[in-house]
Amino acid sequence: MDRSSDADQSSVHDVTQLKRRLGRLSLWLGAAATVVVGWGFWAMGTTGGQASGLSPLILMSVGLLLIGMIGTVIWYGLWRCPECRRYLGNILNPRFCHRCGVKLSP
Ligand SMILES: [Zn+2]
């Protein structure tokens, strides 16, 4: 951690906590996706792809789509500037908020 005294510390917002939260979210979604894919292949192997109702492949696709949608919604909800609450964009390490210009900790 480089603590430069010339930077205005009071206006720097720490997004480390936020990034940690999003990292954990990605892990959970990844785990959920793995379970869905694992189940899909297991179900396809068991039924031989000839399920009576919906095919495991369709259910698996719907499951993955849902996980992706939930992830996107939560990401958009959390990944926001602490100052102006605007979405920070698809940048992992923003130095500044591109809307209000507030400094964000790396
Ligand atoms: Zn902002």
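1. Val36 touches Met60, Gly63, Leu64 and Ile67, leaving out residues up to four places away in sequence, where two residues are in contact if their C-beta atoms, placed from the backbone, lie within 7 Å. Val36 itself belongs to helix α1, which covers residues 16–47, and its C-alpha atom is separated by 6.5 Å from that of Gly63, 27 residues away along the chain. Val36 is partly exposed because it has 19 other C-beta atoms within 10 Å; by the rule used here, a residue is buried if 20 or more other C-beta atoms lie within 10 Å of its own, exposed if 12 or fewer, and partly exposed in between, with C-beta atoms placed from the backbone.

2. Before going further, please note that this is a predicted model, in which local features need pLDDT of at least 70 and side-chain atom pairs count only at pLDDT 80 or more, while totals for chains, interfaces and linings use all residues. Residues are numbered from 1 along each chain as its sequence is written.

3. Helices (H or I, at least four residues) and strands (E, at least two) are DSSP runs, numbered from the N terminus.

4. On confidence, pLDDT being the predictor's confidence in each residue on a scale from 0 to 100, the chain has a mean of 85, and 83% of its residues reach 70 or more. Among the elements, strand β1 (residues 12–13) has the lowest confidence, at a mean of 84, and α2 the highest, at 94. Over residues 3–8 the pLDDT falls below 50, and this stretch has one contact in the model beyond near neighbours in sequence.

5. Two further helical residues deserve a look. Trp42, in helix α1, counts as exposed because it has 11 C-beta neighbours inside 10 Å, and its C-alpha atom lies 8.9 Å from that of Pro56, 14 residues apart in sequence. Leu66, found in helix α2, is exposed because 12 other C-beta atoms lie within 10 Å; Leu66 and Ala33 are 33 residues apart in sequence and 9.7 Å apart in space, C-alpha to C-alpha.

6. Of the 106 residues in the chain, 6% are buried. The largest nonpolar core has five residues, Val15, Cys81, Leu88, Cys97 and Leu104, a nonpolar core being a set of buried Ala, Val, Leu, Ile, Met, Phe, Trp, Tyr and Cys residues joined through C-beta atoms within 7 Å. Leaving aside neighbours within four places in sequence, Leu104 is in contact with His13, Val15, Pro94, Arg95, Phe96 and Cys97. Across the chain, residues 24 or more positions apart account for 43% of the contacts with a separation of 6 or more.

7. The loop between α2 (56–78) and β2 (103–104) contains Leu92, which is exposed because it has 9 other C-beta atoms within 10 Å. The C-alpha atoms of Leu92 and Lys19 are separated by 8.2 Å, although these residues are 73 residues apart along the chain.

8. Arg85 is placed in the loop between α2 and β2 and is exposed because it has 10 C-beta neighbours inside 10 Å. Most residues other than glycine have a negative phi.
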